[in-house]
Amino acid sequence: MHKLACSLVCALMVSSVQAEDTQKSSNVVKLWQSFEKLAKEATKARTAAIQKVRKALQEGKNQQEAIAEYRKEMAKIMGPATKAREAFLEAFGKSDWTSFKGKEHAQMLQAALPGVGQNALSKGKFDQALKAYQALVKLAPKSPSSLRAQLTIGDLLAIQGEVEKAREAYEVVADSDNRTYKRYAAQRLLIGKDAPELKTETWIGAKAQKLSQLHGKVVVLDFWATWCGPCRAVMPDLSKLYDKYKKDGLVILGVTHFY
């Protein structure tokens, strides 16, 4: 009798957990559908807002005023969609990703997993980011985001010192048909190998030398361009990094050419 009672209790507990998981999954799908609807409406409204600006400019309206109105209108348009996306990603991040399978959930997975990964990266939660990108590759392998996720998986593994596993992730991308990502993967496959010499004789702020002459130091190579916004944005952080660790032998080289 005691064993029967225990079995019934366990069965009820399992049933309760399953019901709770089902409810969570259902809620995630509803939030996704809400976000998808608002996103489509926002896209249409954005197109209309752009056309409105163009018409205003053609009619001789002040450019700055027209752009200011456009930005104000876009804030109203994108607000609900942005909130819906945040609510969806938060719920999705707490759900069981493996429960979403098949064509019916493919678009949702493609939209959600990169977002969860990016959010985790921005908060320094590398393990959670790795889990999200691995799930994307596994659950939506044909997604346009899958190759980018594979590169990020390699980067995260490399950060953790898992060089061989990182190389395996990069090799998957290197074997793909996407020329752009193949190039990115080829660059990353230099991991674990000696850095090739830089063919440059002009150094600004220091005497020109070979990379091999810097052996024993930690050398960061930042390949940048004057027209690249993200390149310029990262420079203050690189400067702080250098100031903090230069006494320990850190060297940062910004590699570019005269445009």
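Mentor: With a definition: a cavity is a set of grid points where a 1.4 Å probe fits but cannot get out, and a lining residue has an atom within 4 Å of such a point. Keep in mind that the model is predicted.

Trainee: Which residues line the largest cavity?

Mentor: Glu-197, Leu-198, Thr-200, Trp-203, Gln-209, Lys-210 and Leu-211 form the lining of the largest cavity. By class, that lining has three nonpolar, two polar and two charged residues. The space in the largest cavity is about 30 Å³, and the search of the whole structure finds one cavity of 30 Å³ or more.

Trainee: What makes a pocket something other than a cavity?

Mentor: A pocket is an open set of points, with protein on both sides within 12 Å along at least five of seven lines, whereas a probe in a cavity cannot get out. The largest pocket has a volume of about 1500 Å³. It is lined by 39 residues, and those nearest its centre are Gln-187, Val-219, Val-220, Leu-221 and Phe-223. Two or more lining residues come from each of α5, α6, α7, β1 and α8.

Trainee: What is the make-up by class of the lining of the largest pocket?

Mentor: The lining of the largest pocket has 24 nonpolar, six polar and nine charged residues.

Trainee: How much space lies in the second largest pocket, and which residues are closest to its centre?

Mentor: The second largest pocket holds about 680 Å³. It is lined by 22 residues, with Thr-202, Trp-203, Ile-204, Gly-254 and Val-255 closest to its centre. Strand β2, residues 250–255, gives the largest share of that lining, five residues. By class, the lining of the second largest pocket has 13 nonpolar, eight polar and one charged residues.

Trainee: Why is Ser-146 called buried?

Mentor: The cut-off for buried is under 20% relative accessible area. Ser-146 has 7% relative accessibility, so it counts as buried. Ser-146 lies in helix α5. Beyond its neighbours within four places in sequence, Ser-146 is in contact with Val-137, Ala-140 and Pro-141.

Trainee: What makes the link of Cys-228 and Cys-231 right-handed, and why are both cysteines called buried?

Mentor: The angle about the S-S bond is 75 degrees, and the link is right-handed. Cys-228 is at 15% relative accessibility, so it counts as buried. Cys-231 has a relative accessible area of 13% and is therefore buried too.

Trainee: Which residues touch the most other members of the largest nonpolar core?

Mentor: That core has 37 residues, and Val-28, Phe-88, Phe-92, Trp-97, Phe-100, Met-108 and Leu-113 touch the most other members. The elements giving it two or more residues are α1, α2, α3, α4, α5, α6 and α7. Apart from it lies another core, of eight residues, including Ala-66, Tyr-70, Met-74 and Ala-81.

Note on methods
Residues are numbered from 1 along each chain as its sequence is written. This is a predicted model: local features need pLDDT of at least 70, side-chain atom pairs count only at pLDDT 80 or more; totals for chains, interfaces and linings use all residues. Side-chain values use heavy atoms; hydrogens and water are left out. Grid points are joined across faces, edges and corners, and a volume is the space filled by probe spheres set on the points. Helices (H or I, at least four residues) and strands (E, at least two) are DSSP runs, numbered from the N terminus. Ala, Val, Leu, Ile, Met, Phe, Trp, Tyr, Cys and Pro count as nonpolar, Asp, Glu, Lys and Arg as charged, and the others, Gly among them, as polar. Buried means under 20% relative accessible area, exposed over 50%, partly exposed in between (1.4 Å probe, protein chains only). Contact means heavy atoms within 4.5 Å. A nonpolar core is a set of buried Ala, Val, Leu, Ile, Met, Phe, Trp, Tyr and Cys residues joined through side-chain atoms within 4.5 Å. A disulfide is a pair of cysteine sulfur atoms within 2.5 Å.
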